[in-house]
Number of protein chains: 2
Amino acid sequence: MAGSIGSTLMATPRVLAFDVFGTVVDWRSGIARDSSRFLAEISRSDIDSATFADNWRKRYQPAMAEVRDSRRPFVILDVLHREMLEGVLSEYGINPRAIEPDLLVDWTRAWHRLEPWPDAVVGLTRLKMRYPIVTLSNGNIALMLDVARHGGLPWDAILGAEVTRAYKPAAEAYLGTAAILDVSPADLCLVAAHHSDLAAARASGLLTAFVNRPMEYGGAEAPDRDQRQEWEWRADGLTDLADQLGCH
Amino acid sequence: MAGSIGSTLMATPRVLAFDVFGTVVDWRSGIARDSSRFLAEISRSDIDSATFADNWRKRYQPAMAEVRDSRRPFVILDVLHREMLEGVLSEYGINPRAIEPDLLVDWTRAWHRLEPWPDAVVGLTRLKMRYPIVTLSNGNIALMLDVARHGGLPWDAILGAEVTRAYKPAAEAYLGTAAILDVSPADLCLVAAHHSDLAAARASGLLTAFVNRPMEYGGAEAPDRDQRQEWEWRADGLTDLADQLGCH
């Protein structure tokens, strides 16, 4: 069990806001599983589906950066995921316009069918007994709703990019969520597996809880490991976080 | 049990969106109960608290109309509820500026502490087994979140005015909610106790389910009774609706 850092002295959060991709659900296994099936359908089973998943995800930050930097108007993540898919297919020398449109729609919807990490539903259910639990994800509402119903995630509310019209790590994503919840930033705790996300949340005055997900990148090192700090809480999963926050 | 009108021939909705005040929770009893306490605190127990609740609620449509008609920018319902409270107090000859500010804050928050109708939690839980259930309320997110946690309402997502930036019965409130859910208006069913709300939803192409709540106004006739139509479904509560929609 990972330890909390002086948590007995800290203010209790009033609301817990969760990053979802990587923190609550395992995007890599789900995207690799579905992509394996779709790659077979287009007769490209020679492509490694886990690497394909990594390459799809690598386009995530650059795609959102275009919105964050106002180079294009806000669009929801479902739209970006589709564009990213077309980009990664092209990277593999596959012309997306040569693929059946319905197949591309279904492939993009692989992000709607991700599985929770094994501790997620139990951990969230325990945390919900004491704290409101909301999403603070870059995923759009329809996407988050499908992921929640698919995995049985018991959110109190689905917030995040589509509601604030801002993609993390823009400050407005965190501050806008606190404002909507009618709590001060210091009363809101971001729960995330990513140091970069937590660093931006802390810069906006939020409390921070790091969840260790060593398998998010299939065991490879996380790309944001150099942004590691001493977060208010550090947990080896959501049941561990529930223990640390007194949700027994 | 109220009947459905040809429901065996109708398309099944993909998502159920619920009006909340009056349809899922009993605003009148809750506001009367809390107002009775606050009226005692300001030594005005001579005022009938149920009539006070009705008079507070009467200011609801005119307050939202200012936003709908673009006479003022969008503000959340918590803000309107506070202004409406000050208005109704003035109507009773009470100067709101002579009242302790914290008491006015707490009084306004009476809307966050409303109780569900007795069939609501069981009915919603059954409906959720088969359909995504979301709010389509004029209440803001923090308000809906508190009402849900207070009463144990198992929403999949909290949508409505604050997300679409439009107050019902503006078409954008219904159409924007369908767009966010990524379903066509014809796949979305509004569940509401109010004919006026259902009429506007139908005008935007939604399916409609009427829930009979004869005690919403304490047994008095509903103000929108003349807008009654033959809705796709008509139920005597949410467990009855669950029966009619095959959620056993």
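Mentor: Let's start where the two chains meet: the rule finds 2 salt bridges across the interface of chain B and chain A, a salt bridge being a side-chain nitrogen of Lys or Arg within 4 Å of a carboxyl oxygen of Asp or Glu. Keep in mind that this is a predicted model, where local features need pLDDT of at least 70, side-chain atom pairs count only at pLDDT 80 or more, and totals for chains, interfaces and linings use all residues. Residues are numbered from 1 along each chain as its sequence is written, chains are lettered from A and ligands numbered from 1 in the order in which they are written, and side-chain values use heavy atoms, with hydrogens and water left out.

Trainee: Which residue does Arg149(B) form a salt bridge with?
Mentor: With Asp156(A), and the closest N and O atoms are 2.8 Å apart.

Trainee: Which element gives the largest share of chain B's side?
Mentor: That's α7(B), with 4 residues of the side that touches chain A. Helices here are DSSP runs (H or I, at least four residues), strands likewise (E, at least two), numbered from the N terminus.

Trainee: And how many residues are in contact overall?
Mentor: 21 residues of chain B are in contact with 21 residues of chain A, where contact means heavy atoms within 4.5 Å. About 1600 Å² is buried between the two chains, and carbon and sulfur atoms give 59% of that area. Buried area is the accessible area (1.4 Å probe) that two parts lose on being put together, summed over both.

Trainee: Switching topic, what are the domains of chain A?
Mentor: The assignment gives domain 1 (7-24 + 117-244) and domain 2 (28-113); such bounds come from an automatic or database domain assignment. Their centres, taken over C-alpha atoms, are separated by 24 Å. Domain 1 of chain A puts 21 residues into the contact and domain 2 of chain A puts in 18.

Trainee: How much area is buried between them?
Mentor: About 1600 Å², with carbon and sulfur atoms giving 60%.

Trainee: How many salt bridges are there between those domains?
Mentor: The count is 1 salt bridge between domain 1 and domain 2 of chain A. As for a named pair, the side chains of Arg109(A) and Asp146(A) meet in a salt bridge at 3.2 Å, N to O.

Trainee: Which elements of domain 1 touch domain 2?
Mentor: α7 (141-151) and α8 (161-164) of chain A each supply at least two residues of that side. The largest share, 5 residues, comes from α7(A).
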